[in-house]
There are 2 protein chains.
Amino acid sequence: MRGSRRGRTKAVAHAPAHDYRNITNTMPRREVFSADEVAHIHATALRILQELGIKVLLPEGREVFARAGARVEDDMVFLDAAMVEEHVAKAPAHFTMEGREPNRNLHVGGNTIQFGAGAGCPNISDHKRGRRPGTLADFIETVKLQHSFDIMCKLVPCIEPQDIPVHLRHLDVMEQQLTLSDKSIFMYARGREQTEDSFECIRLAKGLTEDEFANAAHCFTVINTNSPRQLDRPMTQGIIDFARFGQPSVITPFCLAGAMAPITTAGALTLSHAEALAGITLSQIVRPGTPVVYGAFSSNVDMKSGAPVFGTPEHLKANFGAGQLARHVNLPWRSAAGTAANLADSQAAGETMNALWGTILSGANFVYHAAGWLEGGLVFGYEKFIADTEMLQMIARAMGHVDASDDAIGFDNIASVEPGGHFFAAPQTMERYASEFYQPIVHDWSNFGQWSEAGAKPNADRAHDVAMQAIKDFEAPHMDHARREALADFCARRRSEGGAPLMD
Amino acid sequence: MRGSRRGRTKAVAHAPAHDYRNITNTMPRREVFSADEVAHIHATALRILQELGIKVLLPEGREVFARAGARVEDDMVFLDAAMVEEHVAKAPAHFTMEGREPNRNLHVGGNTIQFGAGAGCPNISDHKRGRRPGTLADFIETVKLQHSFDIMCKLVPCIEPQDIPVHLRHLDVMEQQLTLSDKSIFMYARGREQTEDSFECIRLAKGLTEDEFANAAHCFTVINTNSPRQLDRPMTQGIIDFARFGQPSVITPFCLAGAMAPITTAGALTLSHAEALAGITLSQIVRPGTPVVYGAFSSNVDMKSGAPVFGTPEHLKANFGAGQLARHVNLPWRSAAGTAANLADSQAAGETMNALWGTILSGANFVYHAAGWLEGGLVFGYEKFIADTEMLQMIARAMGHVDASDDAIGFDNIASVEPGGHFFAAPQTMERYASEFYQPIVHDWSNFGQWSEAGAKPNADRAHDVAMQAIKDFEAPHMDHARREALADFCARRRSEGGAPLMD
């Protein structure tokens, strides 16, 4: 797969694979706020934390904040503006996220952009087997799909394997991801014991000492605040635990305008910014300088149903503003694409593409839910995953350099073709035809007659076949045998010990 | 229609309609070339015109060029670089395109962006009636569709009404467009007599004197050069005639990389730039200062079939570069979206959206083929038209201002909601719920259960219904009775005189 159309065309068989592993986002930034407006929103967010406070449900979280000088009243934490700014300033502007192999290392921050598949879906769907609750067998297929395309820079838990009890689920999920892929991993923070088990899995799979593990980022978690102004127990503990072990949290308020956040873009972003700063402050209190990612996932709701929608004008505007706020505090930042559509049709593609371009123009460093996400995150779709992957590859290539050398312009090449002629056999064409253009993995560029004769398949039907083929062709990357055994032994032991509880 | 979802929801019935008539493109520009590279491509294009020349098939065209000082050898015209630059500098950087009513006037150039439907398709398609050659009845429906949505800033000939003989077709086309809509019109230049007939139709429909007509832009044509380096007879005459009457030509080389143009982006753009400059020069020789639009429609071909493809990385890169070249010569510029897909599925949406964002980031002032275009222009699809219109409306709104006033941020509004609460009933929400968010015309944001109960319709099926409803609900805008009669009389007379020949 990886950028070439496997087995479909001889002409491009020798085209060099494009490197989708570390993409520089060369697109410009859309700024919707003036510098003064950014400063004012930032100041208002600080005022929210100072005057209104944030509810922290975990006593340990309140204690950590209190020890650093925050005012705590019952379960409310009030953060002085200067204290927040002092701590946030300690977080690094960029860092390296290490894969299992060095060629999977990712540079996070600055102008880099990394795409991730749709994550956290309870259900999975494909055209043949239908829409169903996710199982471990499904989860394994989603890991294989993600691993097959380099444009998926890291692994995310596309679905919940609901056939595995929650106290054991983290072990299966980590073991599968660490053996089927060498990419860095998004893992949940669902309680201290589960988190520490998961860290141990990574340490064993990579053959690291505890210090080596804690001195580099290998995985990350997403912390969704319970907007407005609340950090629940597992999320608070997750921030603390990931910071203790030097692993990045992605602090992502899910501030849906009109629902859990103000109806205005500026209001929703102000609240989101306040919550993100609170979470980032907590991480830096625990371990100053530990990597952390500024998250924002602000879209709006359908005012008829209250359901979240994506790719809307309000979603794009929120992303544009969130990017400015992230840059104001000089942190890597995470956004997401998405769609509310119920199948991989033109609505799904249109909303996802609009949302995606919104994240790109916002300068987001992590873009989640960029492939396969449907129904606002209730379903991971195989056909959608492939259709989105195609578009992500195209966009990544559109970010590439345009050669304007004399050789590329080719005056003599232009002179070699008569007026009204064609360049099919021109010297420059013959030199470059195998590699100059992007080759699709699923899009069909044949004409109506050829396409009809081939069964008149919609893109989603072809995408189904591409997904199934990728799963069939999947080969796990090399893994050291001893490390694999150590990982398997650890997981077996933890299972026999009863796993680890889910924190409520 | 016009921005609100007619009859589908009571909640937003009183939401103010968004004005899609004159959109400012607030998105930033992607620049792929340095200033030096732009200057070098420009210089190389001038060198092409000076040393290699351009073939001009119409003797009158060669004579006009010769009178202005060009060197003519047989049917080749060689243009001195200084002469080209002198003439191109006379074209206005912006101008007004007048509709039949003043509220349809369009500001062309600068940061404005105007979308047009898919144009020039031989065939038309909808889910119920299938794919078929276009007729006048179909043409009329496409005019009604275009008129129903303000985001379609001007009328384009979506399809060819092939049941009308070519010597009469221009009369039917003009009469229908001028009576069914008050928007400005894209018309073909297919011979002097047809062009003058069409101008007369507009003059009569608007009640203008000949001078009044010639002193403002009311319509425009697209001139596709016969790349490489050739201007055919009707196109040359079109440039001359539109300039004589003060109407803008959109000089648009269709430089497909790897086919009619070099395989490299820089090479294709250099050739395209040369051809555009030649056409613009001709327009300015005929009437210095007449409005003209810099066109570029450079994408690539599928190297397997030679067919044009759109929304590819190469298409986007070409647009980015073309925008820089247009700005270098300080002219309004025209680009286009598009797709090679054979139906309105996720491929069609993905490619169109990618291409569209490419034109937006290129700062294009006219974006054609932005709605309804399928099969690389062989079919106009009703369902695609509606699906695209939805996305265009969303993008136009995403270009809007984001209010960051204290009132919009709403500190007190945020303070009014308890931690973990919601903003559904917050004061700011109650004030703004009817107008704050975009309301879709076809996208379905209901959940899987509701959507399944309603028939599990894909977006294209719903789009079909929206298109048919728009046609059913269509009401022609007011038109002065005497002018309508004058137009009808003129067309009837010209038909009885045998119409006008098509130029070959």
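Visitor: What area do chain B and chain A bury between them?

Guide: In this predicted model, the two chains bury about 9600 Å² between them. Carbon and sulfur atoms hold 67% of that area. Phe411(B), Phe437(B) and Trp445(B) supply 9% of the area that chain B buries against chain A, more than any other three residues.

Visitor: How many residues of chain B are in contact with chain A?

Guide: On chain B, 114 residues are in contact, and they meet 114 residues of chain A. Contact here requires heavy atoms within 4.5 Å.

Visitor: What is the count of salt bridges between chain B and chain A?

Guide: The count is zero. A salt bridge would need a side-chain nitrogen of Lys or Arg within 4 Å of a carboxyl oxygen of Asp or Glu. Across the interface, however, there are 36 residue pairs in polar contact, both residues of each pair having pLDDT 80 or more. Helix 11 of chain B (residues 346-361) gives the largest share of the side of chain B that touches chain A, namely nine residues. That side divides into 56 nonpolar, 34 polar and 24 charged residues.

Visitor: How does the reach of helix 11 of chain A stand against the expected value?

Guide: Helix 11 of chain A (residues 346-361) has 16 residues, and its first and last C-alpha atoms lie 22 Å apart. That is close to the 22 Å expected at 1.5 Å a residue.

Visitor: What caps the N-terminal end of helix 11 of chain A?

Guide: Asp345(A) does: one of its side-chain oxygens lies 3.2 Å from the backbone nitrogen of Gln347(A). Just after the helix, Gly363(A) takes a positive phi of about 75°.

Visitor: Why is the pair of Arg131(A) and Glu375(A) called a salt bridge?

Guide: The cut-off for a salt bridge is 4 Å, and the closest N and O atoms of this pair are 2.7 Å apart. The pair links distant parts of the chain, with Arg131(A) in strand 9 (residues 130-133) and Glu375(A) in the loop between strand 19 (373-374) and strand 20 (379-381), 244 residues apart. The structure holds 60 salt bridges over all chains.

Visitor: What makes Glu375(A) buried or exposed?

Guide: Buried means under 20% relative accessible area; Glu375(A), at 8%, therefore counts as buried.

Visitor: Which residue forms a salt bridge with Arg495(A)?

Guide: Glu175(A) does, with the closest N and O atoms 2.9 Å apart. Arg495(A) lies in helix 18 (residues 481-496) and Glu175(A) in helix 5 (residues 166-180) of chain A, so the pair ties together parts that are 320 residues apart in sequence. Glu175(A), at 17%, is buried, whereas Arg495(A), at 28%, is partly exposed.

Visitor: Which residue forms a salt bridge with Arg495(B)?

Guide: In chain B the partner is Asp172(B), with the closest N and O atoms 3.2 Å apart. Arg495(B) is in helix 18 (residues 481-496) and Asp172(B) in helix 5 (residues 166-180) of chain B, 323 residues apart. Arg495(B) is partly exposed at 27%, and Asp172(B) is buried at 12%.

Visitor: How do you know whether Thr429(A) is buried or exposed?

Guide: Its relative accessible area is 1%, and the limit for buried is under 20%, so Thr429(A) is buried. Thr429(A) is placed in helix 15 (residues 427-432) of chain A. Its side chain reaches the backbone oxygen of Phe423(A) at 2.6 Å. Leaving aside neighbours within four places in sequence, Thr429(A) has contacts that include Gly258(B), Ile263(B) and Met303(B).

Visitor: What makes Val301(A) buried or exposed?

Guide: Val301(A) has 0% relative accessibility and therefore counts as buried. Val301(A) is found in strand 15 (residues 300-301) of chain A. Leaving aside neighbours within four places in sequence, its contacts include Leu256(A), Pro308(A), Phe424(B) and Phe437(B).

Definitions and conventions: Residues are numbered from 1 along each chain as its sequence is written. Chains are lettered from A and ligands numbered from 1 in the order in which they are written. This is a predicted model: local features need pLDDT of at least 70, side-chain atom pairs count only at pLDDT 80 or more; totals for chains, interfaces and linings use all residues. Side-chain values use heavy atoms; hydrogens and water are left out. Helices (H or I, at least four residues) and strands (E, at least two) are DSSP runs, numbered from the N terminus. The expected span of a helix is 1.5 Å times one less than its number of residues. A polar contact is a pair of N or O atoms within 3.5 Å; within protein, one must be able to donate a hydrogen and the other to accept it, and residues adjacent in sequence count only if both atoms are side-chain atoms. Buried means under 20% relative accessible area, exposed over 50%, partly exposed in between (1.4 Å probe, protein chains only). Buried area is the accessible area (1.4 Å probe) that two parts lose on being put together, summed over both. Ala, Val, Leu, Ile, Met, Phe, Trp, Tyr, Cys and Pro count as nonpolar, Asp, Glu, Lys and Arg as charged, and the others, Gly among them, as polar.
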